[in-house]
Amino acid sequence: MNGLRPEDLLADCANEPIRVPAAIQPHGWMLVLAADEPTRALAVSANAPEETVWRRLLDRPPWSLPSPLPPPGEAAEPLGGVDMAGQLWDATVHRSGGALVLEFEPAADARSLPGSLSALARGVLPPLQRAGDVQALARIAVAELHRLTGFGRCVLYRFDDDGHGEVLAEQADAGYERFIGHRFPASDIPAQARALYLQQHIRLIPDADYRPVPLRAVDSGFDPRGLDLGFAALRSVSPVHLEYMRRMGTAASMSVSLVVRGRLWGLVSCHDRSPHRLDLATRLTCEHLGRLLSMQIEAHEERAEVARRLELRQLTLDLVAQLTDSDATLQQLVDQPGPLLRLAQADGAAVVLDTRCWLAGQTPPEPQVQALSRWAAAQRRQLVCTDRLQEAGGALAEVDGTWAGALVIAISEVHRHQILWFRAEQVRQVRWAGNPHKPMQVADGRLHPRASFASWCESVRGRSLPWEPATLAAAQELRQALIGIVLRRAEEMAGAMAELARLNKELEAFSYTVSHDLRAPMRHIAGYVDLVLEDEAGRLAERSVRYLGQVKEAAAFAGKLVDALLDFSRLGRSALHRGPVDGGRMVAELVDECRRASAEPAVQWEVAADLPTLWADAFLLKVAVRNLLANAVKYTRGRPAPRIEVVAVRQDRDVGLEIRDNGVGFAQKYVDKLFGVFQRLHAAEEFEGTGIGLAIVRRIVERHGGRVWAHGEPDQGARFGFVLPPPEPPAVEDR
């Protein structure tokens, strides 16, 4: 092996200069002229007629060059028949850099020609137009090419996204190995060869055992080794490919490119066991058939894509209408998940709003969905998709292997708000024409192609169905529509919030004024009752004294209500002075305070040792926690073994406290009433209070940007808790 590794040889093969072989195939000859002086020869193939013959041609050319001359990069143009020493040749010309390349092949007998292109169009185009799908188009094409060319076998294969070729149709004579339904690995056609197929739509190799004919310079300033023969029909091909043909049992081959939307969609490949030459006219007919087939394939694919896009557009409109008719929150999409799943032809879907997640259909477990969501967010793209999740590795290693496909759209660039679709793994049985994983053989210091094309089956795992372009476009369209809905609803909510803030300010001002003005009358009522009882004590009947006592109690209770309302209104008017508050120390002080004030010394207090430090206004936070602890003491009163716990709560970056008791509890269906002003779930005769304490708790927590909750069961106790956000990081100044 001369010390060369197989991977080094593979790299050499991929970089093989197949465009500049400085040699041609021997079934024709080549003459290279100067483009700026077409009577001056630069090079000629070693198999050309005697120099005196072609020199005489240059003196009086029997051809008419096109005017203007074709620019570099365009296919060869026929020049017609050229009579040379009694032999008729078919001639073509094309431009390569500063040279004109003339190619000559023996002309065919007119009686053997396949007929005019118009006859071909009349005979083949109607069946192609009637074909119902691409498979039918392929069958018609290979049958016609088999008839036109006389090759023993014609196969049509389509390239997938990985470059592998799948055989869709085949027409073969008896005794030929069949490849229908098989795949050929992408490595069979290196990248530079695919580029040539895209440029030159037909290529003929009449005899795989030919000996290359070198180009000889006839101008001392010209080097044939630099001449690009990419558009030359006679170009000599790679010796690796010739060996590939021989190992396949093919002595002659012809390939017709199928180009759809500017990309190499597939090939029609014709093989024969014996050398087989096709004249230029027949090859032109085959090339035109390939172009007709390419146009029909493109038309079929475009019709299918338009129909699919119309279907997806309707599903997108249905989803938008579904949101518009609701509160426009994204989680509404999973309430009726049918349109959402059909949009992406997915097995399941999810809506992720940061740490919250809603699932629909069949999906991975929520922790895996969150891991996938974080992975997609890290890509920092509007749309992320894959049909092979397991190959992504990293954070996705924990995703269940039964899931292989994911499509994610981001609705926000600030928050992790996403819609995700999932597709399950589709295990496929693939039949290869030879083992694609078998390494190429190395001998004599060069690579040799595989020796076997026998059917070889493989189970391909870890893949889902690929995400179609129409689906990706629909997902992007849905993303834009959802962003529009969210922005419009945000504007509406901003306006409503501004109006609500104005009304709240007015209500707070009114509450403050009313509560302030009512304090004096309540005191006056209580004072006058005391004066009457003091001055007229001896003359009042027992019933009257009782009535006056009730008036005094009512006035005192009304005074407490007024004081509570005044405190509540002040909460919205006072500024917050935030700082770190030691949760453990604050709770310890309040528990001592409750013990001193409570008539129930039997309460068992259990305070966690890991209470967090909270970022809050120390005075207001103490008011909120005092209310929660006093509530727990009040509603455990009379229990056989009253117990109150205070524990730490941590949710992402937010921290807080939760107070748990084994008191009378409440029915969870009334939880929304608990934090309202003057809302009570128990009669005042059972438990004293104004019904405003929990409203104060919620007001304080929400002013800090936090969240409060409650959970209870009748006669089983209750849990009240809250979390507050951490301090904002300091702004970094640009320098």
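Residues count from 1 along each chain as its sequence is written. Since the model is predicted, local features need pLDDT of at least 70 and side-chain atom pairs pLDDT 80 or more, while totals for chains, interfaces and linings use all residues.

User: Which residue stands opposite Ser45 in β11?
Analyst: Strands here are DSSP runs of E, at least two residues, numbered from the N terminus, and two of them pair if DSSP finds at least two bridges. β3 (residues 37-45) runs antiparallel to β11, with 3 bridges joining them. Opposite Ser45 you'll find Leu215.

User: In what order do the 5 strands of the open sheet come?
Analyst: Start with the edges: β24 (604-607) and β28 (707-713) each pair on one side only. β28 is joined to β29 (residues 717-724) by 7 bridges, antiparallel. Pairing in the sheet is mixed, and the order is β24-β26-β27-β29-β28.

User: How many charged residues are in the lining of the largest pocket?
Analyst: A pocket is an open set of points on a 1 Å grid over the protein atoms alone, where a 1.4 Å probe fits, with protein on both sides within 12 Å along at least five of seven lines; lining residues have an atom within 4 Å of a point. This one is lined by 42 residues, with Asp160, Asp161, Pro466, Glu468 and Pro469 nearest its centre. Counting Asp, Glu, Lys and Arg as charged, the lining has 18.

Notes
Heavy atoms only, no water. Helix = DSSP H or I, 4+ residues; strand = E, 2+ residues; numbered from the N terminus.
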